[in-house]
Amino acid sequence: MSVLAAGFVLFSSVLTGGGVFAVSQAGAGLEVSLAVWLGVSLLLSLAAYFGLKAMRPKPEIRYVTSDAEDPTPGRPSSASKYKPSNQSQCMMLPEPSSQTDQPEDTDDVGTPLPEPVEEDKLIDEEEDVFTPTTVDAPRGEVTFVFTDIECSSVLWRKHPDEMRIAMRLHNNVIRKTYSMYKGYEVKTIGDAFMLTFNTPANALLFCIETQLKLLEQEWPAAILNDPICAAIHKSDQLIFRGMRVRMGVHTGDVSVEVDPVSGRSDYYGHTVNVAARIESAGTGGSIVVSQSV
């Protein structure tokens, strides 16, 4: 394209110079010759510009729906920079093509799994929402646990009613388990939790027990039949079943301030940002731990 443009400019210069020479030979003055030269040069330049612009290939534009959650607004030094990085893979999971593609409710050795709960029964009945016990916010060297549900936005779009039930189960498991290990709920970011613990041991015990409990939940049938949440076995062992939650654990010193709106303690500093990024590096069902733990 650049060679073509250079050739066109050279041709235009020769043609314009010849025109000016012809005008000057015809007896016209210098002013007329310069005016003709400028006019012809301008026209040829415009013609070259629009011609080359029309010949330039147009870039292909693709619009992709992202499943990533919006970062929480707030101070740059807090967890507001957090943004999951693995959500795009949720868009590539295939839909089940027939009834035979649906996941079975028994493992490879015939052990029955928990029966899917009837949605109508759960929707009609009022289920108690667990309220965690109040503990003091850890200070000094704090261990953070960030959690997030993989492909949650896709699941909400496909199964809005069932996800309301599933989220209630998920939240109750998280809150009941961290209360057993003296965890402090800093905030929720969409369907993600930001938690703190006094010791790394309590944080790790919380993560392991929560992942095991999530496998046993009575998820709605529509959630279990979705490829995103289908049961997966490895060596006759249940690996995944239901909503898959990734977790990140990191320990470090932080500054603590009381949020004037919620009245709860919030954490700021490099440790918070590192903990959020460690969690986002994982995949559903995984626990990613930093070397500081």
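Asp266 has a relative accessibility of 5% and therefore counts as buried, a term that covers residues under 20% relative accessible area, with exposed set at over 50% and partly exposed in between, using a 1.4 Å probe and protein chains only. This is a predicted model, in which local features need pLDDT of at least 70 and side-chain atom pairs count only at pLDDT 80 or more, while totals for chains, interfaces and linings use all residues. Residues are numbered from 1 along each chain as its sequence is written, and side-chain values use heavy atoms, with hydrogens and water left out.

**Salt bridges**

Asp266 forms a salt bridge with Lys187, that is, a side-chain nitrogen of Lys or Arg lies within 4 Å of a carboxyl oxygen of Asp or Glu. This pair links distant parts of the chain, since Asp266 belongs to strand β8 (residues 265-268) and Lys187 to strand β2, 79 residues apart. Helices (H or I, at least four residues) and strands (E, at least two) are DSSP runs, numbered from the N terminus.

| Salt bridge | N to O distance |
|---|---|
| Asp266 and Lys187 | 3.1 Å |
| Arg175 and Glu185 | 2.9 Å |
| Arg246 and Glu279 | 2.8 Å |

The side chains of Arg175 and Glu185 meet in a salt bridge; because Arg175 lies in helix α5 (residues 160-180) and Glu185 in strand β2 (residues 184-189), the pair ties together parts that are 10 residues apart in sequence. Arg175 counts as buried at 16% relative accessibility, and Glu185 counts as buried at 13%.

A salt bridge also joins Arg246 and Glu279; with Arg246 in strand β6 (residues 245-253) and Glu279 in helix α8 (residues 270-280), this pair ties together parts that are 33 residues apart in sequence.

**Helix α8 and strand β8**

Helix α8 is largely enclosed by the rest of the structure, because 8 of its 11 residues are buried. Among these buried residues are Val272, Ala275, Ala276, Ile278 and Glu279. The buried residues of α8 pack against β1 (141-149), β3 (192-197), β6, β8 and β9 (287-289), where contact means heavy atoms within 4.5 Å. Strand β8 also holds Tyr268, which is buried with a relative accessible area of 10%. The C-alpha atoms of Tyr268 and Glu257 are 8.0 Å apart in space, and these residues are 11 apart in sequence.

**Packing of α5 and α6**

Helix α5 and helix α6 (residues 200-215) pack at an angle of about 145°, with their axes 10 Å apart; axes are lines fitted to C-alpha atoms, for helices over the stretch in contact, and angles run from 0 to 180 degrees between N-to-C directions. Val173, Ile174, Thr177, Tyr178 and Met180 in α5 meet Phe206, Glu209, Thr210, Lys213 and Leu214 in α6.

**The whole protein**

The secondary structure comes to 8 helices and 9 strands, and buried residues make up 39% of the 293 residues in the protein. Of the contacts with a separation of 6 or more, 74% are accounted for by residues 24 or more positions apart.
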